[in-house]
Structures are given as C-alpha cells and as structure tokens.
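Look at the structure first, then read on.

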Amino acid sequence: MSQQMLTTSHAPTPIENFVNGAHVTTAEWSKDSTQLHNPDKFIPVLSPYSGETISYCPISKKTDVDLAVSAAQEAFQAWGNRTMKDRAQIMIRFHQLVIKHRDELADLIVLEHGKTKTEALAEIDKGNETVEYAISLPQLTQGKIADVSRGITCQDAKRPLGVVVSIVPFNFPFMVPMWTLPLVIGLGNTLVLKPSEKVPLTMNRVASLIREAGFPAGVVNIVHGAAETAGLLTSHPDVKAVTFVGTSHVAELIHKQGRALNKRVLALGGAKNHLVAYPDCKLEMTAQDIVNSFTGCTGQRCMAASVLLTIGPQPQLIQEIVARARQLGFSQEAGAGKMGPVIDAASVKRINAYVTESESQGAEILLDGRTAVAPAGAEGGFWCGPSIVLHKSKSDKMLREEVFGPALSILQVATKEEAIEFENANPYGNAACIYTNDPWTADWFTKHFSAGMLGVNIGVPVPREPFSFGGINRSRFGDSDITGEGAINFFTWTKKVTTKWAVPVEANWMS
Ligand code: NAD
C-alpha cells in the first residue's frame, strides 16, 4: 500500500456501530459534519504512517449501548438453543470468508495500526486459528456423564451464559477480538464487542463478514467508543460476563467494577517480559530471536521482549543484537519495510522518555531509536526506531515499567539466582524466556520464572491452540485463561444434572 493510498482524496467519514445485523449510526449523530470535531461525540482515527485523519470513531452513549445489549439479549434465546454443530457450521463459513478477505483485512490493519503487511497477514492467520478451534467445539465440549450409583447418573452440561461483552486494545485489531468472538458465540452466547477507538476499521469490516457468514442478527454486535462506552458496557445489568484486554490499571478497574456487580470478569493487563541469556546459548539464533521479539509489531505486543538479563558479560551477543537491530529500516511504502511506526504521538513520547531517563541515570545507549528519521513524505507519522539500553542501575524506570515499544533494556547479572530474583520482583507476569543449550538449565528456569507463559529459546512464547493464552500476577485479573480449555469453562455455566429413572426396592436415600 503506497503513501498515496493513505492520502484521503475526500473528507474522511465516521464509521458506524453494528447492531442487530446492520450498520447503524450512533443515536446522537445527526450527519452534521461539524459534530465530527466534537470530542464528546467523535475521536479521529489517525494513520500512524502519516498522522492524517483517516476516519472518525463515534463515542457510543447509553442509548447506543442499550440498543446493542438488547439486540444481543433478544438473539440469545434462539442462538443458545441451537446445537453446537449448527453453530459450528456457520463458523466454518466465517473462517472461509476470513481466508477469502485475508489480504483486504491485512491492508486495513496496515492502514489503521501501522504494522507491516507481513505482520498484518500473520495476525489474520493467527486470529483465524482461534476460529478453527471454535469450529471443533462440538468435539471439545461433551461434558462428563457417569453412573454414580444404581440407577443414578450425574452429568456436567455446558450451557451458555447470555450476553458477553469484550473490550479490546489497539495492538491486534483482528487477533485479539478473535480470542473471544469465536468461542463466545460458538458456545451459544451472544456478544457485544468494543474495538479500540484507535483501530476501529478492521472489525467494522469483519462485521460485514459476520453477516455474510449467516450468523443471525444480534449474535454479534459492535459498539465503538473509548473509556465511557467501556464503562457503560461493563456495568450493564443484562451483561453476564466481561472480558477485557489492555493496560493493567484499566484491567484492574474493569475487573473490580464487573465483579462488584457479580459478573464473570476476565481482564488481561500489561506486561514486562524478561529474557535470560545463559552463557551457553547459541549466539546467532539467540540474537535474531531477541531482535524479532522486541521489534516485531514495533514492540507493541504484550509478549514482546522488554528486558534481557545476561548472566555474566556477553559482549559478543550484545554486539550481534545491536548489529541486527540497526539494520531494521522504515519504508516509504506503508506496510513494506522491516518496521512500521507506533500507534500515536503519545507512544513516541513515552518510549523516548524511558530511554532519556535511563541515560540520565548513567545507562549506555547502544542503539538510539530517538534519532530515527521518518520516511520522506511521512514526516507527520509516529516514528520511533529500535533502542537498546545497557543499564548500570537496577532502579531505572525502564527496567521496571511497561514501555510498549521497540526498546530493549539489557542488564548484566552474576548468577541464575540473581536473574530469577529480578524477574520475580516485577509485578507483571505475562511471559519470560531462557536461552540455553542445556535442558537442565531450561528446566530450572521454567520452574523458577514467575510469569505465566514461558519460552525455551523462543522470545515470543505464545501458546497456540489448543493451549490456553494467559499470564498471571498484574498481567491478569480473573481466574481463567482467555483461550483454550479455560475459556470454554469461562464462557459457560457447568450445570450438574443428576438423573434417577429407576429405584431398586432395596435402595435407601444414599444409594
Ligand atoms: P488501553 O487500556 O488503553 O485500552 C484498552 C481498551 O480499554 C480500549 O478498548 C479502550 O477504549 C478501553 N479503555 C481505555 N481506558 C479505559 C477506562 N478508563 N475504562 C474503561 N475502558 C477503557 O490499552 P491499549 O493501549 O489499547 O493496549 C495496549 C495494552 O494492552 C498494553 O498494556 C498491552 O500489554 C496490553 N495487552 C495485553 C495483552 C495480554 O494478553 N495480556 C494482549 C494485548 C495487549
């Protein structure tokens, strides 16, 4: 996609909610274009490549949220009563439509998020894997049944909850919504999804594919907006469960708000992922994997490497990492090149501020992303090159807080125990990885890391279906994983059915 394609030849228009099977404008939008500049009604959607406004995201108010939840509530009865197989068959059509429109969806991700086309295509494929998993629900959810006594059987029956709300972040416009959408509806619930106000276009397009696949009206609804809309959804009395993915402070807030109303809540938060390089690690493989981990999707992944702990000095490894990261260039072509921009100007400022603060504390800047030059013609975009910082002080903020950008902190520690002490002291708990050539060392680390998703020689240890995705500590508020088996339990009630058809004459009440 060229820069020209991003230049809007006509005035950008607002997107619409998707309610009861149709695109609808928000209640307060009177099609008066001056309203687009009212920050209480619309948020401009910016191209990270150019900084230009490409669309407007409406801020859904109570009327809009009520409309969507009531459409979902109305659709629930009939949808929840259909067989699992019936629902899976519609899911197969949706899966095929995602494949058919893969390229178009990836272009939308490039346009609104700024990642490269290769990364966008990988995101579509990974998101569609969860759809594949949901297609298998008839095989995965049979429940238990057993004769527990003479003439008596007990059965666990999985039943849908009702209306489920899903609030998602900006960093995976398609994949994160697909963590919940296929399982939520595949299990017989109905859904109201709120995309990030920064990237609403991809799911707006997916809404049409939902309709084309044949999901009945009201099964999937999409309402747009930011914090206010998310709050209205979380507190809505007809919503049975809420999932959230985003920063930890909002995750904690949503979790508290929903739990206080006795809803099921699963809120995934931020991350601070540690990689440990043991002296016996394979140099080239480790260096490349670390670079991929901290720069992929321009570092805006909850599984991205953030801190590298080297056990003892490892100058050759560090040199190799710096040399490889230095080669990553921006491209004038949106979606091309090895690295895209970050999501907004605030992110550029935040990421660079961490590097500057570390520098002021005596850290050595081995690679300086602050000086990265925007591609010609894209000077208005949000550009931030890869930074590599060698810390001298363990108390640098960059070593402790989530940076969420293409920046790697390196800290030398003396022993494996010191590495673990440092990792365990961090309040987050999404991912960690050990690079080593020795299985005993790998085993020791996987037993001692505090994070929930662990890698051995893989810096982005994302579990793939059927394995569940989810961190621990401040990376997750709630007791379940968001995909896999844990999610099947989260999105269903387990009803326990005890059946007695015949009582032998000699039975007493305990038999
Ligand atoms: P964010 O918390 O700013 O926003 C996430 C969602 O919450 C958006 O839909 C937003 O509109 C809404 N929101 C924002 N403020 C709110 C508030 N006060 N009340 C209610 N809703 C609110 O996060 P983001 O910047 O979009 O995404 C990046 C963050 O997401 C990073 O911290 C990243 O680590 C995290 N993330 C975590 C995972 C995971 O699996 N743990 C996965 C992806 C992203």
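## The ligand and its surroundings

A backbone N or O atom of Gly269 is 2.7 Å from a nitrogen atom of the ligand. Such a pair is a polar contact, that is, two N or O atoms within 3.5 Å. The table lists this contact with two others.

| Residue | Protein atom | Ligand atom | Distance |
|---|---|---|---|
| Gly269 | backbone N or O | nitrogen | 2.7 Å |
| Glu197 | side-chain N or O | oxygen | 2.6 Å |
| Phe170 | backbone N or O | oxygen | 3.1 Å |

On its own the ligand exposes 840 Å², of which the protein buries 88%; these areas come from the Shrake-Rupley method with a 1.4 Å probe.

The model is predicted: local features need pLDDT of at least 70 and side-chain atom pairs count only at pLDDT 80 or more, while totals for chains, interfaces and linings use all residues. Residues are numbered from 1 along each chain as its sequence is written, and side-chain values use heavy atoms, with hydrogens and water left out.

The ligand is surrounded by 29 residues, each with a heavy atom within 4 Å of it. Val168 and Thr247 are among the closest. This shell consists of 18 nonpolar, eight polar and three charged residues. Here Ala, Val, Leu, Ile, Met, Phe, Trp, Tyr, Cys and Pro count as nonpolar, Asp, Glu, Lys and Arg as charged, and the others, Gly among them, as polar.

Elsewhere, a cis peptide bond with omega of about 10° joins Glu465 and Pro466.

Definitions and conventions:
A polar contact is a pair of N or O atoms within 3.5 Å; within protein, one must be able to donate a hydrogen and the other to accept it, and residues adjacent in sequence count only if both atoms are side-chain atoms.
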